[in-house]
Amino acid sequence: MSAAAEERPLRVFVIAGEASGDRLGAALARGLRAVRSGPVELLGVGGPALAAEGLESLFDIDEIAVMGLAEVAPRLRAILRRIRETTEAAAAAAPDIVVSIDAPDFGLRVAKAARPRLGAKTLFAHYVAPSVWAWRPGRAKKYAARLDHLLALLPFEPPYFEREGLSCDFVGHPIVERAFSEEARRQAGAALRAELGVAEAAPLLAVAPGSRRGEVARLAPVFKEAVAALLAQRPDLAERGLQLIVPMAEARVSQLRAAPEPWPAPVHLIDPTGLPFETAEARKTAVFAAADAALAASGTVALEFAAARTPAVIGYSVSPITAFIVRRLLRIETGTLTNLVSETRAVPEFFQENCAPEPIAAALSALLPARGRESPERAAQIAAAEATMAALGEGGAPPSQRAALSLLRALEQRRASR
């Protein structure tokens with residue numbers, strides 16, 4: 001951009017309808033201020049992270065942070081009212097950029113309604129490309145009809161949208177911005193073991209049965225049985241003092257404590273926010289890095305273990321009806337991002353009827369070799385984790401700054417073509 005343009009405030013209308021988008025939006029705001037000499041003015045909708053960056057949200061995002069038909073239906077009228085209010089606010093603000101972040105059902109409706117009123121002077125963008133490579137590929141055309149630019153977290157995503165005429169940049173995954181060096185991971189893990197009283201030589205298994213109540217209710221009993229099967233297969237682990245660490249939000253910690261099934265090994269049920277580390281990222285890193293291996297639900301947590309270079313086994317199950325539908329929609333053969341990005345099958349996956357104690361235990365056993373030995377399965381996972389983090393941008397410019405530069409380039413190109 002020209003020097004004169006840099007001196008003018010850049011007006012950015014943000015639409016972040018849930019906690020993950022709020023965090024991404026805050027990082028994007030910091031990225032814009034880092035790469036641009038002039039001021040950045042934030043308007044729109046966001047949560048506490050964006051508020052810390054100066055955004056006065058139009059309303060509390062909890063009003064629209066809902067998922068699923070049963071949850072949305074009773075609040076539909078209120079959500080539609082908020083879409084209208086957000087559209088009016090965007091039109092009145094006449095921003096340089098309107099960027100919706102994650103939660104596309106809300107943001108794209110605002111974009112569709114506001115775009116004709118703002119015209120070519122405003123760039124409409126979305127941060128986090130939908131997983132059209134996994135299911136519902138028709139969404140790429142829908143995004144192209146409503147947006148000018150898209151920011152993707154995964155390196156293989158841009159071609160899906162570019163072929164529909166939508167400019168799309170891979171900007172890196174936010175997890176690499178939170179990544180720690182090998183030495184920092186080692187120190188964080190050792191500090192957490194000391195805090196919990198876990199000896200350095202004792203095997204420590206992280207167990208992460210999901211973040212939602214339904215996930216925990218389905219997966220925790222299976223994961224407990226898998227640990228029991230592991231101990232039956234490998235009595236040496238009990239002799240060496242195997243312990244479990246279960247990182248959960250406070251509500252889920254309470255849920256697990258109330259569960260009738262006992263844990264088959266000494267367990268540390270912890271809410272990471274209560275750990276004595278300075279930042280949320282450091283607390284998470286400590287939990288993941290302290291463990292020798294992990295058993296986790298499918299999801300972003302698999303990438304978090306990869307970032308910590310902690311080998312993991314993934315398990316997941318849903319209701320039979322949901323499974324029936326999903327199997328007919330999915331277009332991929334693996335549900336774990338580490339496998340997808342590294343183009344390997346290094347991370348064992350056990351979904352639906354295969355999510356059973358005995359096979360999970362066997363896979364965990366391979367990741368917890370006898371003391372002083374290394375297993376090929378463990379080595380393969382660490383190599384896949386290294387490849388994944390490199391592909392997602394680890395070691396390069398922070399994704400927040402790459403996203404900021406991508407938006408500024410797209411805005412300049414749009415204005416130059418007018």
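1. Strand 1 and strand 3 pair in the parallel sense, over five bridges. Two strands count as paired if DSSP finds at least two bridges between them. In this pairing Val-12 stands opposite Ile-97 of strand 3. Strands (E, at least two residues) and helices (H or I, at least four) are DSSP runs, numbered from the N terminus.

2. A note on the basis: this is a predicted model, where local features need pLDDT of at least 70, side-chain atom pairs count only at pLDDT 80 or more, and totals for chains, interfaces and linings use all residues. Residues are numbered from 1 along each chain as its sequence is written, and side-chain values use heavy atoms, with hydrogens and water left out.

3. Strand 1 (residues 10-16) also joins strand 2 (residues 40-45), running parallel, through six bridges. Here Arg-11 stands opposite Glu-41. Six of the seven residues of strand 1 are buried, so the strand is largely enclosed by the rest of the structure. Buried is under 20% relative accessible area, exposed over 50%, partly exposed in between (1.4 Å probe, protein chains only).

4. Ser-100 lies in strand 3 (residues 97-101). Ser-100 is buried, at 1% relative accessible area. Its side chain makes a polar contact of 2.7 Å with that of His-126. Such a contact is a pair of N or O atoms within 3.5 Å; within protein, one must be able to donate a hydrogen and the other to accept it, and residues adjacent in sequence count only if both atoms are side-chain atoms.

5. Helix 7 (residues 139-146) has the buried residues Arg-139, Ala-140, Tyr-143 and Arg-146. Seen down the helix axis, they fall within an arc of 135 degrees, so they line one face of helix 7. The arc is taken from the directions from the axis to the C-beta atoms. Lys-141 and Ala-145 are exposed on the face turned away. The buried residues pack against helix 6, strand 4, strand 5 and helix 8.

6. The largest nonpolar core has 35 residues. Such a core is a set of buried Ala, Val, Leu, Ile, Met, Phe, Trp, Tyr and Cys residues joined through side-chain atoms within 4.5 Å. Helix 11 gives the most to this core, with ten residues. A second, separate core of 29 residues includes Ile-79 and Phe-161.

Methods
Contact means heavy atoms within 4.5 Å.
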